[in-house]
Amino acid sequence: MSTIRTAIVIGGGIAGHTAALALHKAGIDAAVYEGYATPAEKVGGPIALATNGVAALEVIGAQSAVLDNSYPIAHQVTRIGSRTMAMPSLPDLPPMRIVLRQDLYAALQELAADKGIPTYYGKRLVGADQDGAGAVARFADGSSVTADLIIGADGVHSTVRTLIDPDAPGPSYTGLLSVDGHSELDAGDPDVMSFAFGSKANYLFWRHPDGGTIWGANVPRPAPMSVREARAAGLEHWRQTLLELYGPDDPGGELIRRTDPDRMNATGAIYIMPSVPRWSRGRLVITGDAAHAPSNSSGQGASLAVESAIELAKCLRDASSIEGATAAYEALRRPRVERIARQASRINRTKTPGRLGQVVAASIMPLVMAAAMRPEKIFGPTLRYRIDWDAPVSV
Ligand SMILES: Cc1cc2nc3c(=O)[nH]c(=O)nc-3n(C[C@H](O)[C@H](O)[C@H](O)COP(=O)(O)OP(=O)(O)OC[C@H]3O[C@@H](n4cnc5c(N)ncnc54)[C@H](O)[C@@H]3O)c2cc1C
């Protein structure tokens, strides 16, 4: 039975509030410390939550709060020029759900507040100490707080990851920036997400249930840009950049031309995490993107973050020591997240942007589709994964 009573959760994003809710359910007191001074109001566009992620939210009682703020998309297609190919799927599973990032953050944070879990804003972790008695988190404002354990749910640029291992790898920049928007054009069929190979860059789009089309663009750029830098460049700048990239593409060009810059978001560089050798050291452990951020082509980043945060809490509930819990957690999660990351990087190799990418994709797509005639083998293990909260973890 666990002797862990208190936890400090660093990061008030998806993994952070999920971890706090799951810890609460496990009987462990948690408080969330977020670096930004205020809750996120407009932190980026839509997130697609996969079936496994939506199912995991049910474990912490968050499913209906999230579903109320989301809508389903049941089908996916790939578009190369004028050719459209349906992507294989598992029709017996519920569809993915689209939710705005700020709505997801807010739903989880409100649920946590309802359960008496505090979230402190303006608390940027800068250091940590630990000994046999506990762990101390030190913040940039000079304050500190002590608990049995510190959980780093602090995203791809995690500070906790470096406190665990100063030699830990950092995130890899994919060479792409993300810009999204809501166009007044109705493009493609309702209930279908289209992944389109443009003549210079790739993009995706789907119809919004209230009208118009949501699009997401991957803008190639040699150097990364933070969200702040991307926003400082101004939305008119991004509109012009997107017109240069997608102008001749159908429907990419028209989607951009018929988007009011006020309905666009520039969210900065897209990163992935290489395999992180150490997920924990003593009373410090990481979860979510801090430990594993697969390529966005996996569509699994947020869902895996939710799963890992919950399974970490489960291990902390059942273990008699922190080291036992973190070892069990890593053994449970690492094979799954690394398999999905490998699968996503194989998909990426078939998604070279530009004319060359279109030619390559057109030639290999029938083979990819043929291979994917076994969707159960390819998607089943990822999408059918369910967390059995009541089953004890063997530690
Ligand atoms: C453009 C884009 C589109 C995406 N689309 C999808 C999608 O459709 N589907 C999907 O599943 N995934 C998607 N992802 C991935 C998904 O957003 C992440 O996997 C998910 O947000 C990870 O959650 P997290 O809580 O681990 O990290 P985050 O959501 O990044 O939260 C980390 C939090 O920690 C805080 N923090 C950081 N450092 C500190 C510190 N030192 N002290 C205190 N607080 C700190 C941050 O301010 C932040 O609030 C997308 C990612 C991007 C960039």
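**Packing, pairing and loops in a predicted chain**

Leaving aside neighbours within four places in sequence, leucine 23 is in contact with Ala7, Val9, Ile28, Ala30, Ile151, Ala313 and Leu316, where contact means heavy atoms within 4.5 Å. This is a predicted model, in which local features need pLDDT of at least 70 and side-chain atom pairs count only at pLDDT 80 or more, while totals for chains, interfaces and linings use all residues. Residues are numbered from 1 along each chain as its sequence is written, and side-chain values use heavy atoms, with hydrogens and water left out.

Back to leucine 23, which is found in helix H1 (residues 14-25). Helices here are DSSP runs of H or I with at least four residues, strands are runs of E with at least two, and both are numbered from the N terminus. At 1% relative accessibility, leucine 23 counts as buried; the label buried means under 20% relative accessible area, exposed means over 50%, and partly exposed is in between, using a 1.4 Å probe and protein chains only.

Zooming out, the chain holds 12 helices and 19 strands. Its radius of gyration is 21 Å, close to the 21 Å that the globule rule gives for 395 residues, so the chain is as compact as a globular protein of that length. For the record, this radius is taken over C-alpha atoms, and the rule is 2.2 Å times the number of residues to the power 0.38. Along the principal axes, the C-alpha atoms fill a box of roughly 65 × 45 × 40 Å. Of the 395 residues, 51% are buried. As for how the chain contacts itself, take the contacts between residues at least 6 apart in sequence: 75% of these join residues at least 24 apart.

Now for some strands. Strand S1 (residues 6-10) pairs with S2 in the parallel sense over 5 bridges, pairing being assigned if DSSP finds at least two bridges between two strands. Within this pair, valine 9 stands opposite valine 32 of S2. Strand S2 (residues 29-33) has 4 of its 5 residues buried, so it is largely enclosed by the rest of the structure. An antiparallel case is given by strand S9 (residues 125-130) and strand S10 (residues 135-139), joined by 5 bridges. A hairpin of 4 residues links S9 to S10, and alanine 128 has alanine 137 in S10 as its bridge partner.

Strand S14 (residues 192-197) contains serine 194. Serine 194 is buried, its relative accessible area being 3%. Not counting residues up to four places away in sequence, serine 194 touches Val77, Arg79, Tyr203, Leu204 and Phe205. In the loop between strand S13 (172-183) and S14 sits aspartate 191. The phi angle of aspartate 191 is near 70°, a positive value in a residue other than glycine, and aspartate 191 is partly exposed at 32% relative accessible area.

Other loops deserve a look too. A cis peptide bond joins aspartate 250 and proline 251, with omega about 5°; proline 251 belongs to the loop between helix H7 (235-246) and helix H8 (252-257). Glycine 13 is in the loop between S1 and H1 and is buried at 13% relative accessible area. Glycine 13 touches Glu34 and Tyr105, again not counting residues up to four places away in sequence. The C-alpha atoms of glycine 13 and glutamine 102 are separated by 9.4 Å, although 89 residues apart along the chain. Glycine 234, in the loop between helix H6 (227-232) and H7, is partly exposed with a relative accessible area of 21%. The C-alpha atoms of glycine 234 and isoleucine 310 are separated by 38 Å, with the two residues 76 apart along the chain.
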